[in-house]
Amino acid sequence: MDWKVLTGMVVGYFVYIFFGGLIFHFIESPKEDKVRTSSRNVSLAFLERFSCVSEAEFESLVKALINAYDMGVIQTNSTSSVSNWDIASATFFSSTVVTTIGYGNISPSTEGGRAFCVLYAIFGIPFTGILLSAIGEKLKNLAKRAISSKKCAKDTKTCALIRCATVLGAGVIVFLFIPSVTFTVTEGWTYAESLYYCFITLSTIGFGDFVPGQESEYRGLRRLSLLIWILLGLAWLALVLNDVSETMQTHFKKVEEPIEKHKHTESEGEEAELQSRNGTNTAENGTSGATHTGNGDTSAAINEKSHGEAAIVV
């Protein structure tokens, strides 16, 4: 890739990131300020109502609850969250590690758990990548078989476009729209929240603000079904993103080709000019050599004539 094109891409990338930061700032900051003000007012009202509790004691209680929440434990007087490290939950957590989703709602808190997590991820992430690539290839072959026809053999571009549209459309319905309806029913989320969760999960962004199956009677079964959906969905999205990446690379190559042609033309022009100069110098050298040769012949003839005249005189 040409350095000018690469530089333009880097500049555009950072502009895009900065633009996203500005938009998120103006959208999210007002709500953050409201929550901060509201929580402060609630704290002051509590301390005012229960004067026997000091501000230091209250802050200590709040920090204890926050620490528990960060470890995935929601504790109140009447309820307590179920374990985050039972077999089903721990298995689901390991799947978020190797798929790099990493919701962040729970994480290892022991030295042994953290060390194992690192080693587990080192081997698990490449293995998952190979598996997803294989599943994606199978999905791609299924799409090719479904669309294959005599017309595709003649018009490969149209066939490729139809295949991409089919994979994208079917995947959006199967892995985004239908699961969103399911999460709306089972989790009590709005459809927009469910659709948001599906995309954030399958794109492996994994904020952890929405995690299904937290409080459920069939928690293990639901998390197993989630794992299957995640694997198939990740394979589909990887296939789609790969097609998009190839399209963008083709576009950048089209942008780069005129630059390369211009450089090649300039290089050819410089070489032709250099050859022209070398040819001119060669011709000049040849003319000079011929002149010197002619002068030498003339001098020799004059000398021979002089010797001849001298011989006659004698």
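1. Start with Val 172. Setting aside neighbours within four places in sequence, Val 172 touches Phe 177 and Trp 236 in this predicted model. Val 172 sits in helix α6, which spans residues 156-187. Trp 236 is 64 residues away in sequence, yet the C-alpha atoms of Val 172 and Trp 236 are 9.3 Å apart.

2. On the overall fold: the chain has eight helices and zero strands. Of its 314 residues, 22% are buried. Among contacts with a separation of 6 or more, 57% join residues 24 or more positions apart. The chain exposes about 22400 Å², with carbon and sulfur atoms supplying 66% of that area.

3. Now the salt bridges, which come to four. Have a look at Arg 222 and Glu 187, whose closest N and O atoms are 2.1 Å apart. This pair links distant parts of the chain, with Arg 222 in helix α8 (residues 219-313) and Glu 187 in helix α6, 35 residues apart. Arg 222 is partly exposed at 22% relative accessible area, and Glu 187 is partly exposed at 22% too.

4. In helix α1 (residues 3-49), Arg 36 and Glu 32 lie four residues apart, about one turn of the helix. Their side chains form a salt bridge at 3.5 Å, N to O. Asp 33 joins Glu 32 and Arg 36 in a network of salt bridges. Arg 36 is partly exposed at 47%, and so is Glu 32 at 43%.

5. Helix α4 (residues 111-147) holds Glu 111 and Arg 114, three residues apart. Their salt bridge has its closest N and O atoms 3.8 Å apart. Glu 111 is exposed at 63%, whereas Arg 114 is partly exposed at 42%.

Notes
Residues numbered from 1 in each chain as written. Predicted model: local features only at pLDDT ≥ 70, side-chain atom pairs only at ≥ 80, totals over all residues. Heavy atoms only, no water. Helix = DSSP H or I, 4+ residues; strand = E, 2+ residues; numbered from the N terminus. Buried < 20%, exposed > 50% of the residue type's maximum accessible area, 1.4 Å probe, protein only. Contact = heavy atoms within 4.5 Å. Areas by Shrake-Rupley, 256 points an atom, 1.4 Å probe, with all protein chains shown as cover.
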